[in-house]
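This briefing goes through selected features of one protein model. Please look over the sequence and the model before reading on.

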Amino acid sequence: MRAVIQRVKSASVSVDGQIVSSIGKGLLCLIGVARDDTAKDTESIAKSILKLRLFPETASDESPQWKQSVVDIKGDLLCVSQFTLLALTSKGAKPDFHDAMAPNEAKTLYEQLLFRLGQSYDGKIADGRFGAMMDVSLVNWGPVTIQLDSKDDGSPARSAFEEAKAAKRLETEQRRARNEADKRERLKAYETRQQTESCG
């Protein structure tokens with residue numbers, strides 16, 4: 001499960017020109033459900049959202065020393081489903097969404113995330129309309145935008161480019177290891193042959 005968290009002074013979601021959800025100061029959370037996600041991923045993302053320290057101690061404090069979470073400041077949460085967070089763009093100009101979970105299953109996990117947030121926080125938790133064409137408006141405070149990935153236990157998600165680099169690096173390391181193993185085998189065979197010839 002991936003999430004893009006934005007610290008906002010206000011945010012709202014409209015469907016067909018009508019506002020369906022709005023919040024004041026708090027976090028706007030864009031949520032993408034991956035096809036291999038489980039209930040465990042909803043728990044991980046919920047904990048990360050509520051624990052992130054993105055707010056200063058006072059409203060007038062503009063320093064980068066963020067010490068408070070949305071829970072600490074009793075801020076609002078607005079969650080919006082967004083499967084496009086799972087897009088892969090490494091194979092061309094057209095985004096590939098095969099890593100996103102099918103809508104019916106994704107809705108179940110998205111609703112589980114909302115439930116977990118509500119279990120742990122009694123502040124305002126709003127959401128958009130799952131599967132609808134939504135207009136999202138916000139005033140990003142900072143700006144501050146954080147990426148989360150449940151597979152990384154709350155650390156920033158790696159881009160498709162970074163994933164490709166990591167795969168290439170692993171392939172190089174594996175090839176180097178095979179070459180080293182081949183060298184050792186050839187050396188061992190050579191030493192064995194030398195010993196045989198000296199004995200003969």
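The model is predicted. Strand β3 (residues 26-32) has seven of its seven residues buried, so the rest of the structure largely encloses this strand. There are zero disulfides. Asp37, in the loop between β3 and α1 (39-51), is buried as well.

**Strand β3 and its partners**

- Strand β1 (residues 2-15) runs antiparallel to β3, and seven bridges join the two.
- Within this pairing, Leu30 of β3 stands opposite Val4.
- Strand β6 (residues 76-81) pairs with β3 in the parallel sense, over six bridges.
- Ile31 has Ser81 of β6 as its bridge partner.

**Cysteines**

- Cys29 is buried, at a relative accessible area of 0%.
- Cys79 is also buried, and its relative accessible area is 0%.
- For Cys29, the closest cysteine sulfur is that of Cys79, at 4.6 Å.
- A disulfide requires the two sulfur atoms to be within 2.5 Å, so the 4.6 Å between the sulfurs of Cys79 and Cys29 is too far for a bond.

**Asp37**

- Asp37 lies in the loop that links β3 to α1 (39-51).
- With a relative accessible area of 6%, Asp37 counts as buried, because the cut-off for that class is under 20%.
- The side chain of Asp37 reaches the backbone nitrogen of Met1 at 2.7 Å.
- A polar contact of 2.5 Å joins the side chain of Asp37 to the side chain of Lys151.
- Leaving aside residues up to four places away in sequence, Asp37 touches Met1, Gly32, Met101, Leu109, Ser150 and Lys151.

**Second largest pocket**

- The second largest pocket holds about 390 Å³ of space.
- Its lining has 18 residues, of which Ser81, Gln82, Phe83, Phe130 and Gly131 are the closest to the centre.
- β6 and α2 (103-120) are the elements that give two or more residues to this lining.
- α2 gives the most to the lining of this pocket, with three residues.
- Ser81, the bridge partner of Ile31, is among the residues closest to the centre of the second largest pocket.

Key
Residues are numbered from 1 along each chain as its sequence is written. This is a predicted model: local features need pLDDT of at least 70, side-chain atom pairs count only at pLDDT 80 or more; totals for chains, interfaces and linings use all residues. Side-chain values use heavy atoms; hydrogens and water are left out. Buried means under 20% relative accessible area, exposed over 50%, partly exposed in between (1.4 Å probe, protein chains only). Helices (H or I, at least four residues) and strands (E, at least two) are DSSP runs, numbered from the N terminus. Two strands pair if DSSP finds at least two bridges between them. A polar contact is a pair of N or O atoms within 3.5 Å; within protein, one must be able to donate a hydrogen and the other to accept it, and residues adjacent in sequence count only if both atoms are side-chain atoms. Contact means heavy atoms within 4.5 Å. On a 1 Å grid over the protein atoms alone, a cavity is a set of points where a 1.4 Å probe fits but cannot get out, and a pocket is an open set with protein on both sides within 12 Å along at least five of seven lines; lining residues have an atom within 4 Å of a point. Grid points are joined across faces, edges and corners, and a volume is the space filled by probe spheres set on the points.
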